[in-house]
Amino acid sequence: MGLGLSGLATYAFLGITSRALDADAYGSVAVLWSLMFAIGNGVMQPLEQEVARAVSDRRARGIGPGPVIRRAVQIGALFSLGLIALSVLFHDTLLDRFDGDAVLVAALVLGLVGFAASHLARGTLSSHGRFRAYATFFGVDGVARMVLAAALAVAGVAAAGPFGLVLGITPFIGVAVAV
């Protein structure tokens with residue numbers, strides 16, 4: 001149910017955003033969403049799965065999960081630091097992709113760090129059998145994205161940056177509520 005709600009909320013987010021922004025600004029937000037989703041899931045999904053597998057194994061053998069989780073946090077932090085370094089290195093290229101909107105570059109970095117945090121949280125939650133909290137993450141992340149976009153649209157915001165920041169902060173909201 002959490003995944004389904006997330007999917008519907010993402011559809012609503014994109015619909016709201018497409019109506020609030022002109023075609024160029026919406027295109028930049030769509031590129032941001034695509035990059036965040038492809039890079040964030042592509043890099044962090046294996047870490048989530050390994051955390052879930054390793055912690056579940058340790059718990060089944062009566063061994064505490066601390067070392068696995070600490071190592072996974074270190075990997076997630078290194079991933080995040082690497083992204084920040086790459087965003088500085090390729091700042092001009094990213095600016096070109098986002099029609100010169102530096103806020104979208106910041107939103108990309110923020111969102112990818114959020115993806116790291118969310119995948120680590122999801123791996124930990126699932127390995128502990130906390131599937132309701134796991135589903136809650138998806139629902140809250142998606143609904144927060146939709147609600148914040150709707151608030152921006154109602155306020156008359158017509159710039160891509162704030163909608164991009166919504167994409168960047170909602171993984172953190174989902175983690176905070178789920179954990």
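This report covers the core, salt bridges, surface patches and selected residue pairs of a predicted model.

## Basis of the model

Residue numbers start from 1 along each chain as its sequence is written, side-chain values use heavy atoms, and hydrogens and water are left out. The model is predicted: local features need pLDDT of at least 70, side-chain atom pairs count only at pLDDT 80 or more, and totals for chains, interfaces and linings use all residues.

## Nonpolar core

The largest nonpolar core has 33 residues. A core here is a set of buried Ala, Val, Leu, Ile, Met, Phe, Trp, Tyr and Cys residues joined through side-chain atoms within 4.5 Å. Buried means under 20% relative accessible area, exposed means over 50%, and partly exposed lies in between (1.4 Å probe, protein chains only). V29, L32, F98, L108 and L167 touch the most other members.

Which elements give two or more residues to this core? They are α2 (23–60), α3, α4, α5 (102–127), α6 (131–154) and α7 (160–178). Helix α2 gives the most, with 10 residues. Helices (H or I, at least four residues) and strands (E, at least two) are DSSP runs, numbered from the N terminus. In soluble globular proteins, nonpolar side chains tend to be buried together.

## Salt bridges

How many salt bridges does a search of the whole structure find? It finds four. The criterion is a side-chain nitrogen of Lys or Arg within 4 Å of a carboxyl oxygen of Asp or Glu. One of them joins the side chains of R122 and E48, at 2.8 Å from N to O. R122 lies in helix α5 and E48 in helix α2, so the pair ties together parts that are 74 residues apart in sequence. Both R122 and E48 are buried.

Two further bridges sit within single helices. R53 pairs with E50, with the closest N and O atoms 2.5 Å apart. These two are three residues apart in helix α2, so about one helical turn separates them. R53 is partly exposed, at 45% relative accessibility. E50 is also partly exposed, with a relative accessible area of 39%. D141 and R145 are four residues apart, about one turn of the helix. Both D141 and R145 are buried.

## Negative surface patch

D22, D24, D92, D96 and D99 gather in a surface patch of negative charge. Patch members have over 30% relative accessible area and no salt bridge; like charges are joined within 9 Å, and nonpolar side chains (Val, Leu, Ile, Met, Phe, Trp, Tyr) within 5 Å. Lys and Arg count as positive and Asp and Glu as negative, while His and the chain ends are not counted. A charge is placed at NZ of Lys, CZ of Arg, CG of Asp or CD of Glu. Areas come from the Shrake-Rupley method with a 1.4 Å probe; for residues, only the protein chains shown count as cover.

D92 is in helix α4 (residues 91–97). It is exposed, at 58% relative accessibility. D99 lies in the loop between α4 and α5. D99 is exposed too, at 56% relative accessibility. The backbone of D99 deserves a look: its phi is near 50 degrees, a positive value in a residue other than glycine. Most residues other than glycine have a negative phi.

## Nonpolar surface patch

L78, L81, I84 and V88 make a nonpolar surface patch of about 410 Å². I84 is found in helix α3. I84 is partly exposed, at 38% relative accessibility.

## Pairs 76 residues apart

L89 is in helix α3 (residues 66–89). L89 is exposed, with a relative accessible area of 62%. Its C-alpha atom is 21 Å from that of L165, 76 residues away along the chain.

T170 lies in helix α7. T170 is buried, with a relative accessible area of 0%. T170 and L94 are 76 residues apart in sequence and 21 Å apart in space, C-alpha to C-alpha. L35 is in helix α2 and is partly exposed, at 26% relative accessibility.
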